[in-house]
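Colleague: Hi! Could you walk me through this one when you have a minute?
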Amino acid sequence: MFRDVFIHNSLGVIFMLLAIVALVVNFYMVRFSKKNYIVIGCLLSLLLWSCIIILIGDYLSFLIDGFHIKYLSRTVVRILSILLIVTVFIRKAFIVIDYLERRQVSKGRDVTDSRVISKVLKIIVLLISLLVFGQQVGMSFSGLLAFGGIGGIAVGMAGKDILSNFFSGVMLYFDRPFNIGDWIRSPDRNIEGVVAEIGWRLTKVITFENRPMYIPNSLFSDISLENPGRMTNRRIKTTIGLRYEDSKKISLIVEDIRNYLMHEESIDQRQTLLVYFNEFGDSSLNIMVYCFTYTRDWEEWLDIQQKVYLRIVDIVHNHKADFAYPSTTLYFSSN
């Protein structure tokens with residue numbers, strides 16, 4: 001009997017051995033060669049694994065018939081073989097999708113788009129695999145659809161919050177209030193940081209304390225959200241308080257500050273530029289300075305703001321004036 005087993009389909013045995021050798025060679029090619037070979041390597045690996053699983057299944061079926069094994073049948077072996085092939089297909093497809101996602105990001109494509117497309121492709125692969133496996137084990141296409149409808153109703157009733165977060169995540173992709181890498185904050189909630197990941201259920205935000213914050217996607221449909229990363233300009237807004245004894249110099253100081261800002265290269269002249277004496281404070285005469293820089297970079301904006309402030313200090317001192325500080329004047333009666 002053993003002799004018949006090994007003689008049966010001898011060409012298949014030889015092919016299986018060659019397939020195993022080729023699979024080992026393919027593994028080292030994918031691991032040590034250039035990244036461009038990863039797609040070809042995964043396809044070749046899928047083909048070879050499928051051949052090996054089919055051949056092993058054939059031999060197991062032959063053994064079952066030859067030795068009359070009671071606890072196994074051809075149907076069980078066939079289902080297991082199909083399941084293994086589908087599992088290998090899903091694994092290899094996910095590797096290729098992840099590689100294509102990294103490649104698109106390295107080319108400068110939008111990170112959010114790349115990740116969303118990658119997740120959609122993975123879902124499509126899972127659905128196709130489920131349909132193929134169901135049909136191969138004897139389930140009709142209409143039966144699979146009916147099963148999916150009943151399962152969808154059950155999941156919808158049991159996981160209402162999960163579905164709410166899922167559809168909110170889909171709407172985040174279409175509405176695009178923010179992308180991965182954007183700085184966001186909410187005046188309604190204590191949310192502020194940089195978006196690290198937009199998932200199907202949660203959005204991961206890294207706060208400025210380098211702490212990860214996980215926010216359910218459905219929350220974004222109920223709160224106001226600010227995206228400072230999409231600003232067109234950064235604003236400089238401050239109030240300059242001068243002493244009351246310098247009241248006669250206010251108009252000259254205001255005029256000099258305005259002229260300086262109108263000729264400063266780093267200030268965007270197309271935006272609003274305001275310099276006015278606008279308030280009598282408790283211990284100061286207040287001048288409002290309001291303008292916008294060209295840059296959106298925070299560090300560069302800080303450097304420009306510092307330069308503007310130092311120039312304002314020089315203008316005030318050039319007019320023999322000085323800045324006010326909180327003070328109280330006491331008047332004593334002659335009595």
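Modeller: Happy to. Before we start: helices and strands here are DSSP runs, numbered from the N terminus. Keep in mind that this is a predicted model.

Colleague: What about Asn210, where is that?
Modeller: Asn210 is in the loop between strand 3 (202-206) and strand 4 (212-216). Asn210 also has a positive phi, about 60 degrees, although it is not a glycine. With 66% relative accessibility, Asn210 counts as exposed.

Colleague: Changing topic: at what angle do helix 8 and helix 9 pack?
Modeller: About 145 degrees, with the axes of helix 8 (residues 250-262) and helix 9 (residues 298-318) 10 Å apart. The contact includes Ile253, Ile257 and Leu261 of helix 8 and Val308 and Ile312 of helix 9. By class, it has eight nonpolar, no polar and three charged residues.

Colleague: Which residues touch the most other members of the largest nonpolar core?
Modeller: Ile253, Ile257, Leu261, Val275, Ile287 and Val308, out of 23 residues in that core. Strand 5 (234-242), helix 8, strand 7 (285-293) and helix 9 each give two or more residues to this core.

Colleague: What does Leu261 touch?
Modeller: Leaving out residues up to four places away in sequence, Leu261 touches Ile267, Gln269, Leu273, Val275, Val289, Cys291 and Val308.

Notes: Residues numbered from 1 in each chain as written. Predicted model: local features only at pLDDT ≥ 70, side-chain atom pairs only at ≥ 80, totals over all residues. Heavy atoms only, no water. Axes fitted to C-alpha atoms, helices over the stretch in contact; angles between N-to-C directions. Helix = DSSP H or I, 4+ residues; strand = E, 2+ residues; numbered from the N terminus. Contact = heavy atoms within 4.5 Å. Nonpolar A, V, L, I, M, F, W, Y, C, P; charged D, E, K, R; others polar. Core = buried A, V, L, I, M, F, W, Y, C linked by side-chain atoms within 4.5 Å. Buried < 20%, exposed > 50% of the residue type's maximum accessible area, 1.4 Å probe, protein only.
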